[in-house]
Amino acid sequence: MERPRILIVGGGFAGLECARRLERKLAPSEAEISLVTPFSYQLYLPLLPHVAAGVLTPQSVAVSLRRTLRRTHIVPGGAIGIDPRSKVCVVRKITDEVVAERYDHLVLAPGSVTRTFDIPGLTDYARGMKTLAEAAYVRDHVIAQLDLASATLDQRERESRLQFVVVGGGYAGTETAACLQRLTTAAARRYPRLDAAQIKWHLIDIAPKLMPELGDTLGETALKILRARGIEVSLGVSVAEVGAESVKFTDGRVLPSRTLIWTAGVAASPLIGTLDVETVRGRVAVTAEMRVPQFEGVFALGDAAAVPDLAKGDGAVCPPTAQHSARQGRAVADNVISSLRGQPLQPYYHKDLGLVVDLGGKDAVSKPVGVELQGVPAQLVARGYHLMAMRTNVAKFRVGANWMLNATAGDDFVRTGFLARQPARLQDFEYTDAYLTKDQVKAHAQALLAKG
């Protein structure tokens, strides 16, 4: 008999952990495992600010899928539509060829994209911090602003190039602002025509507190650290309009700036919009076992799914964090195996192990298992957690070696120039305009199936 086909969509924390567990617990004769992903690596997203700041090389946070997975078939492309009734996933390969991938069991882990709002100029001028390419681009862009500011005699141009805005007071935004501010402060010593006091970083968020998940004490500690470094933190404020050379805030201020880094939350992958399923704030509504109730054999998890948080109760859903995604991946693998073997499925239950925020250098705040830490102890916990969470020893060694090299030798502040002439719009990096409509999915699925 033909082996059942398990198709996993997405090679992030959830998809990779699911595939690894399936390989370990299923005999090759029990099922065929395929993974649809446009890249041959799992991106260790929490360390992207370190890539943007040059503390880590891009390869350090790109964990090889082929080094990790032994018998999973990797389909090099992105899922652009799913027809659960025909049990077909429509995939656009990296060559732009559109193919149909059939399945018997589907695991949806397509992750998330940067959440945007209808703000004039935002999608044209904002930079994101969600992909490896975006982190590399932001680094090049920030160093380019220093180069151009040093070369110009126009004071207005210099001022706009030396003011940087980060929107989003969560972990991603706070770490991005903290790490890049350290980058520009250190780089300023290499620019004799620049005054370091002219370089200004602004962190803004509509929320009344910085990283409220940390609690009042650690949140205030992080705020004090940032402000002591000269980062201007504005809470209860958002962006009203973005231009090529200015940013207007909702409090009426207009800031001359050519850099706006947008980290104000995430939204489920647009792939979810191609499905006829119930959603919760754009995420697939699933059971506690992470089943999609409308369709047999379909599971959803990670950032794209509203997984009930049984540890909190009261209808809460799990937050879109790497910690939950990885553990959900293993839990879904167990449930897929149970489904194959006719065994009962188990609900997902997990309590947060804690939170870590790396502010660069010796600065950090952490809350492992409820214990509040700051400074060097917090930094040791934060970096130890990241090393422990990385899936290969090679990746751990690269990250550790990069941290050591940066701490001892510093940065050369080099622009690679790979993306210097490319547009910096969010959709150019996250391909949010690549997905099909529901009708197009059905038409493609039928056509591709007819071809055999």
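What follows is a chat about salt bridges, a helix, a strand pair and the surface of this predicted model.

Me: Hi! How many salt bridges does a search of the whole structure find?
Reply: The search finds 20 salt bridges in this predicted model.

Me: Which residues does Arg-5 form a salt bridge with?
Reply: Arg-5 pairs with Glu-2, where the closest N and O atoms are 3.7 Å apart. Arg-5 also pairs with Asp-104, with the closest N and O atoms 3.8 Å apart.

Me: Is Glu-2 buried or exposed?
Reply: Glu-2 counts as exposed, because its relative accessibility is 62% and the cut-off is over 50%. Arg-5 counts as partly exposed at 24%, and Asp-104 counts as partly exposed at 26%.

Me: Switching to helices: how many residues of α7 are buried?
Reply: In α7, 12 of the 17 residues are buried, so the helix is largely enclosed by the rest of the structure. Among them are Gly-173, Glu-175, Cys-179 and Leu-183.

Me: And what span should α7 have?
Reply: Helix α7 covers residues 171-187, and at 1.5 Å a residue it should span 24 Å. Its end C-alpha atoms are 24 Å apart, which agrees.

Me: Now strands. Do β1 and β2 run parallel or antiparallel?
Reply: They run parallel, with 5 bridges joining β1 (residues 5-9) to β2. Val-9 stands opposite Val-36 in β2. Strand β2 (residues 32-37) is mostly covered, with 5 of its 6 residues buried.

Me: Which residues is Lys-248 in contact with?
Reply: Leaving aside neighbours within four places in sequence, Lys-248 is in contact with Val-239, Ala-240, Glu-241, Arg-253 and Val-254. Lys-248 lies in strand β15 (residues 246-249) and is partly exposed, with a relative accessible area of 37%.

Me: Last one: which residues make the nonpolar surface patch of about 260 Å²?
Reply: Leu-353, Val-369 and Val-371 make that patch. Leu-353 lies in the loop between α9 (322-341) and β23 (354-358), and Leu-353 is partly exposed at 37% relative accessible area.

Note on methods: Residues are numbered from 1 along each chain as its sequence is written. This is a predicted model: local features need pLDDT of at least 70, side-chain atom pairs count only at pLDDT 80 or more; totals for chains, interfaces and linings use all residues. Side-chain values use heavy atoms; hydrogens and water are left out. Patches are made of residues with over 30% relative accessible area and no salt bridge: like charges are joined within 9 Å, nonpolar side chains (Val, Leu, Ile, Met, Phe, Trp, Tyr) within 5 Å. Accessible areas come from the Shrake-Rupley method with a 1.4 Å probe; for residues, only the protein chains shown count as cover. A salt bridge is a side-chain nitrogen of Lys or Arg within 4 Å of a carboxyl oxygen of Asp or Glu. Helices (H or I, at least four residues) and strands (E, at least two) are DSSP runs, numbered from the N terminus. Buried means under 20% relative accessible area, exposed over 50%, partly exposed in between (1.4 Å probe, protein chains only). Contact means heavy atoms within 4.5 Å. The expected span of a helix is 1.5 Å times one less than its number of residues. Two strands pair if DSSP finds at least two bridges between them.
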